Amino acid sequence: MPAASPTAARVPGSGIREIVNLVVAGGADVLRLEIGEPGFRTPAHIVEAAHRAAMAGTGYTQSVGTLQLREAISAKLERVNRLRCPPDRVIVSQGAVQGCSAVLAALLEPGDEVLIPDPAWPNYEMLALLHGAVPVRYPTPPERGFLPDVAELERLVGPRARVLVLNSPANPSGAVYPPELVAGLLELATRHDLVVLADEVYDQLIFEGAAADAASLDPERVVGLYSFSKTYAMTGWRVGYVAAPSWLAPTLWTVQEPLVSCVSAVSQAAALAALEGPQDCVGEMRDAYRRRRDLVVTLLGKAGIEVPPPCGAFYLMLPFAPGVDGRLAALDLVEHGVATAPGTAFGEVARSHTRLSLASSEEVLSEAVERVVAWYRATGGGASLRVDGAA
C-alpha cells in the first residue's frame, strides 16, 4: 500500500487549525478569537484597483512579482524599515508563509537545525520539518515578557544550526523585541554564522517600542519576511514578500518558479495600490487594535485576571491555572462559546496559556471576555478540567 513520505509524515497538524476546523464544522454560537483575521474590510481603494486589473485582463507575471510592485516594495522597505533593498532582491510570495517556505528551501539541507522561539507561530516548525530540518526551540517565557535570553539561546546552538528565526512583534505573544536585544541576536548569529530569518509581518502594528528592522542592521545575513495581510487587512489576497541578501536572491528567483509560477496578478495590483495609495488606513487600524487591547486588558483586570498588555501585533496570551493543558482548556472554552488558540499550538513554554486575537470588534471582544471570565471562575482557570476536557 502506498504511504506518505516519512519526512512529510513528521509534520504535525496545527493546533490553531484544530480549533478553526472545530468551530467551522460546528456552526454554533461561538465568538471567534482563535485566528489572526483583521476585523476590517480591505480598504476600498485597494479593492477598486484589483477590480480594474481584473477587468483589464491579467496573465502570468515574473515568478518573483511584477517590477512595478517590487519597486514599490523596495521604496516601502527604505521608508518604513530603513532597509535599502533593490527590486532585484525582492521576491513577492503567496503570503508570508510561502515566502518563508521558499527561504527555508533555499537554505536547508536535511539534518540542519532551525532555532525557533517558544512560543512561536507553529508554521515555523512545520516548514522546518517539511524541509527535512530539525527544529530547536529557544525559550521566550512569560516571566521575561516573552523575550529570549541571548546567553541561554547560545547554549542551544549546535554544529548543524543554520537558521535563527526572529519574530517581532511576536506571534502569539505580541512581544516587541528591544533594539539592544535584536542587536544581541544578530551578534550571536554572526559568531555562529547563522542566517537570520526575521519575520516582521506585524512591523506596522506596534503600540509601544520600535520595529526590529533586523535586515537594516545586517542586510547580508538577515532575510526579511513581510506581508500585506495584517497591515492592510488583506489576508485573503495572499501577498507577502521577502527582502533577500544579494547572495540568496538569485536562488529565490529560481525557487519561486516551481513553487507558485507567480502570485495572482490581480492580488499584485491590489498590493501595489496598498503601497501607493493613502496610508491613513494603516494608522487607523493600528489605533483600533490598540484600543481593543486596552479594552480586553482592562476587562480582564477588573475580573482579577492580570495580563501585561502586549506591545504589538493583535494578540494577548491569557494564562490558565498552573499545569493546565492549554489544548483541553481551549476545547472546553469552545463549548462555552469562545474559540481561542491553545498555547500548546505554539510550543511548550506557554502550554498553560491560550492566545486571544484582538482583531475582532469591541462588541465581540467585550462579550467574549465576559464568557471567558465566567468560564475562568467556574473552572478555577481550567484547574477543574478532567482529562477528557469536560468541566
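1. In this predicted model, strand β11 and strand β12 (residues 353-357) pair in the antiparallel sense over two bridges, where two strands count as paired if DSSP finds at least two bridges between them. Helices (H or I, at least four residues) and strands (E, at least two) are DSSP runs, numbered from the N terminus. Within this pairing, P342 has T354 of β12 as its bridge partner, and A341 has R355.

2. On its other pairing, β12 joins β9 in the antiparallel sense over five bridges, with M317 set against R355 of β12.

3. Strand β12 is mostly covered, since five of its five residues are buried; buried means under 20% relative accessible area, exposed over 50%, and partly exposed in between, with a 1.4 Å probe and protein chains only. H353, R355 and S357 point one way from β12, while T354 and L356 point the other way. In a regular strand the side chains alternate between the two faces of the sheet.

4. Helix α14 (residues 362-379) has 18 residues and reaches 25 Å from its first C-alpha to its last, close to the expected 26 Å, a span found as 1.5 Å times one less than the number of residues. Its buried residues include L365, A368, V369, V372 and W375, and what covers the buried residues of α14 includes α12 (280-302), α13 (326-335), β9 and β12. After α14 comes G380, whose phi is positive, near 65 degrees.

5. Strand β3 (residues 113-118) is largely enclosed by the rest of the structure, because six of its six residues are buried. Both of its faces are covered, with E113, L115 and P117 on one side and V114, I116 and D118 on the other.

6. β3 pairs in the parallel sense with strand β4 (residues 134-139) over six bridges, and three bridges join β3 to strand β5 (residues 161-167), which also runs parallel to it. V114 has P135 of β4 as a bridge partner and stands opposite V163 in β5.

7. Residues are numbered from 1 along each chain as its sequence is written, and side-chain values use heavy atoms, with hydrogens and water left out. As the model is predicted, local features need pLDDT of at least 70 and side-chain atom pairs count only at pLDDT 80 or more, whereas totals for chains, interfaces and linings use all residues.

Conventions:
Contact means heavy atoms within 4.5 Å.
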